[in-house]
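Visitor: I am new to this structure and would like a close look at a single part of it. Could you take me through the aromatic rings that pair with one another, and where they lie?

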Amino acid sequence: MLAALVERWLAPILGAGAPLADVPEPLSGCPHLDWAASGAMALTGEPDGAPALAPGPVLPLLAAISTRVETLSAAAGSRVRLDPGLLLGARAAAAGLGRRGAVSAGGATRLLPARDGWCAVSLARPDDLAAVPAIVQGDPGPDPWEGLADAVAASGAAEICERIRLLGVPASVVDAAPTAVPPWRVERLGPTVEAGAWEDALVVDLSALWAGPLCARVLGGAGARVVKVESTRRPDGARDGDPRFYDWLHGGHDSVSLDFSTEAGRADLRRLIRAADVVIEASRPRALAALGVDPHRDLRPGGVWIGITGYGRRHPDRVAFGDDAAAAGGLVARDARGRPLLCADALADPLTGVVAALGALAGRAAGGGLLLDIAMADVAAGFASAPIGCGGAHPIRSEGGDWYLTCTTLRREQRVLPPRAPRPTRAAALGGAHTAAVLAAV
Amino acid sequence: MPVLKAGSRLRSQVDTTEVIVVRAPADDLDLRIGGHPVVDQTQTPVAGLTATGGAEAALVGKRYTRAGDDLEILVTKGGTAGLALGDEPLVLKESKPLPASD
């Protein structure tokens, strides 16, 4: 059933007559037991209470996508085998993060109650914290979150989110009833060419943090040469995070640093993009335009453009991070009283990364010439709204410091396992290590 | 002259530019767009004014400040006119570094 859902997503890219994927390997047969075994459940729920269930079949759908990633990569390059649980828990495990209820594992996002619903707000950057007095129109007090929570509590959710977003701060209304939407809009930028192999294909990754780099990692696994491009003035902030996680995402990728404030740097960027078989970016379209980059003009024939944004290119000013985007798509857990809790660690990030890789693999297989407009909130809504597929009761108990989840339908018990840290095999390149060599070759 | 307070939403009298005050000192400041004082976002501009002043057009989504960095104005709607305090154009702030995680 979930495999059929993935095929429906792929139909606008591959065409309606494309062969169906193999039915994915069954996991336990219960999505909740899979969630418990993945490491993601241990990251969901109140810190001093029981771990909480996800609203949708996150692991089975991720497994269905992984199966398709495997067949598409094997057909045109090296077979990529994904480990869904590792994808979801890698960052939290590397950084030693745990569940914090309505606060994100990373700490930057919180769910706050408004008069008529819930909001997710992220204060991840210095500018976000600095914007709080302007949001609350006064002194928020010593703890900006406290002042912000008061302002949200006194307002309607949609109204206060609009005000918060006006200041460039990521905010979303928690979708209490997410509907099934495809994770991407497919835009044709040029004619198709004969589908190329992944060996020696060039992937230019302009993105940062998690979703875009994960997509690049998967394409690198299929055989592509990945070139990560960073601004000399604004390198990927994840370099300052846990090195195991950064190495795992970026090991084996070339690193190019360009000074986007100079015309020479912007010209080099355009040259690289025009040589790319796949471009991955997670920028506002306006920011790319300011660098003189235009997908319609700069995508080479047969190329695939992966554009990741929070809410799609039709909402170019709405920035998002992984936790607030997940909440916008309704991908939140619920406590016993129905209050939302954040799911896993920035869940929309890894899900979007894998979905973007699926789209890039399918787009190249179909001969390219495409822009995939991928919205993190829509990816989250796709996972939250997919049929859960297990109707049983799922009681949870604790024993000896561990939690155990039971599926009454399968009559099976699963210990809630901790997230697993990645084991990078190669160190990521230092910023700009390959600038001269890469530019000389394009 | 509207008071500049954190959170104040203001508009230009000569073009489509709109801004929000992120941060402002307690002093009275003569914020102008296109050479004319800003008005409250809900107010109707004086008819027939034309843009003057040499400041470059304010870019939507960008933040502007002055020497000393005690003022921060975020452009919420773009236009053709520039931001200034009196005759002194405001300067564009550089983007802040990316966070290590979200």
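Guide: What follows is a walk through the aromatic pairs. This is a predicted model, in which local features need pLDDT of at least 70, side-chain atom pairs count only at pLDDT 80 or more, and totals for chains, interfaces and linings use all residues. Residues are numbered from 1 along each chain as its sequence is written, chains are lettered from A and ligands numbered from 1 in the order in which they are written, and side-chain values use heavy atoms, with hydrogens and water left out.

Over all chains, a search of the whole structure finds 2 aromatic pairs (rings of Phe, Tyr and Trp, the last by its six-membered ring, pair if their centres lie within 6.5 Å; planes under 30 degrees apart count as stacked, over 60 as edge-to-face and the rest as tilted). A:Trp210 and A:Phe245 have ring centres 5.2 Å apart and planes at 85 degrees, so this pair is edge-to-face. Because A:Trp210 lies in the loop between β5 (202-205) and α9 (211-221) of chain A, and A:Phe245 in helix α10 (residues 243-250) of chain A, the pair ties together parts that are 35 residues apart in sequence (helices, H or I of at least four residues, and strands, E of at least two, are DSSP runs numbered from the N terminus).

A:Trp210 is buried, with a relative accessible area of 1%, and A:Phe245 is buried at 5% (buried means under 20% relative accessible area, exposed over 50%, partly exposed in between, with a 1.4 Å probe and protein chains only). The rings of A:Phe245 and A:Trp248 have their centres 6.1 Å apart and their planes at 35 degrees, so that pair is tilted. Both of these residues lie in helix α10 of chain A, 3 residues apart, about one turn of the helix, and A:Trp248 is buried as well.
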